[in-house]
Amino acid sequence: MLKKIQRLDDLVVKKIARIHTPFLNRIMVIFTKLGNGAFIWWITLCFPFLLMQTKRATGVYLTLALGVNFILGEIIIKHIIGRMRPSSKLEEEELIIKSPKDYSFPSGHTASSFTAFTVTLLRCHWYIFLPVLLVALIISFSRMYLRVHYLSDVVCGAALGFLSGTVCTWLFEYQLAHFFVFP
C-alpha cells in the first residue's frame, strides 16, 4: 500500500513540474511564504479576531486550534513518520526555494491553513470562510508545486487541520463554554 502511495506521490510531483513557469514560480513562492509559521492566519484572523469583542471567541478557538495543530503535526507526527521531502531527490539547480530541513509528512502549511479554514467555516459567515478556503488551497498547492511536499503530505495535512479545527472548536463551544465568558 505504501509503495502505491509513493508511486502516486512521485507521479504527481512529476506532473506538476511540467507546469512550472517563471510567473507561476513567483506566485507560488509568495503563497508559500504567506503560510510560513501560519503567518497569514495570525495576521489576518487571530489578532484581528482577538481584538474584536464580537469575534474574540473565534480568535481564541483559532489560536488554540493552531497551537494544537502545531504540536500534533510539527512536533509529534513529523518526527514519528520521518518522511524525506521530494526536494531531497532534486539537484540544487532544480530547486525553486531552499529545501526545508525538517520532515515532509504532514504538510504544516496545509495543516495550519485548513485549521484556519475549519474554524472559520464553523464560526464565521461565508464571506470570511470562502476566501480562507481559497488561500488555503493555493498555499497547499504551492507546497507540491515547489516540490517540498507530496500529495499525501498535503492531503493528510488538510485532514489534520480539519481535525484540529473541529475538535478545538467543539471543545470550546460545547465542553468548556461554561468556564469562559465570550460574546
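Helices here are DSSP runs of H or I with at least four residues, numbered from the N terminus. In this predicted model, helix 4 is followed by Gly82, whose phi is positive, near 60°. The largest nonpolar core comprises 26 residues, and those with the most contacts inside it are Trp41, Leu45 and Leu62.

**Nonpolar cores**
- Another core, of ten residues, lies apart from the largest one and has Val12, Met144, Leu146 and Val148 among its members.
- Once neighbours within four places in sequence are set aside, the contacts of Trp41 include Cys46, Leu66, Ser112, Ala116, Val132 and Ile139.

**Helix 4**
- Helix 4 has 26 residues and reaches 36 Å from its first C-alpha to its last, which is close to the 38 Å expected at 1.5 Å a residue.
- A kink of about 25° is centred on Gly73, and Gly73 is also one of the buried residues of helix 4, which include Tyr61, Leu62, Asn69 and Lys78.

**Aromatic rings**
- Among the five aromatic pairs, Trp42 and Phe47 have ring centres 5.9 Å apart and planes at 40°, so the pair is tilted; Trp42 is partly exposed at 25% relative accessible area, and Phe47 is partly exposed at 43%.
- Phe114 and Phe117 have ring centres 6.1 Å apart and planes at 80°, so this pair is edge-to-face, and both residues are buried.
- Phe114, Phe117 and Phe129 form one aromatic cluster.
- The charged end of Lys55 sits over the ring of Phe49, 5.9 Å from its centre.

Terms used
Residues are numbered from 1 along each chain as its sequence is written. This is a predicted model: local features need pLDDT of at least 70, side-chain atom pairs count only at pLDDT 80 or more; totals for chains, interfaces and linings use all residues. Side-chain values use heavy atoms; hydrogens and water are left out. A nonpolar core is a set of buried Ala, Val, Leu, Ile, Met, Phe, Trp, Tyr and Cys residues joined through side-chain atoms within 4.5 Å. Buried means under 20% relative accessible area, exposed over 50%, partly exposed in between (1.4 Å probe, protein chains only). Contact means heavy atoms within 4.5 Å. Helices (H or I, at least four residues) and strands (E, at least two) are DSSP runs, numbered from the N terminus. The expected span of a helix is 1.5 Å times one less than its number of residues. The bend at a residue is the angle between axes fitted to the seven residues ending there and the seven starting there. Rings of Phe, Tyr and Trp (its six-membered ring) pair if their centres lie within 6.5 Å; planes under 30 degrees apart count as stacked, over 60 as edge-to-face and the rest as tilted. A charge sits over a ring if NZ of Lys or CZ of Arg is within 6 Å of the ring centre and within 35 degrees of the ring normal.
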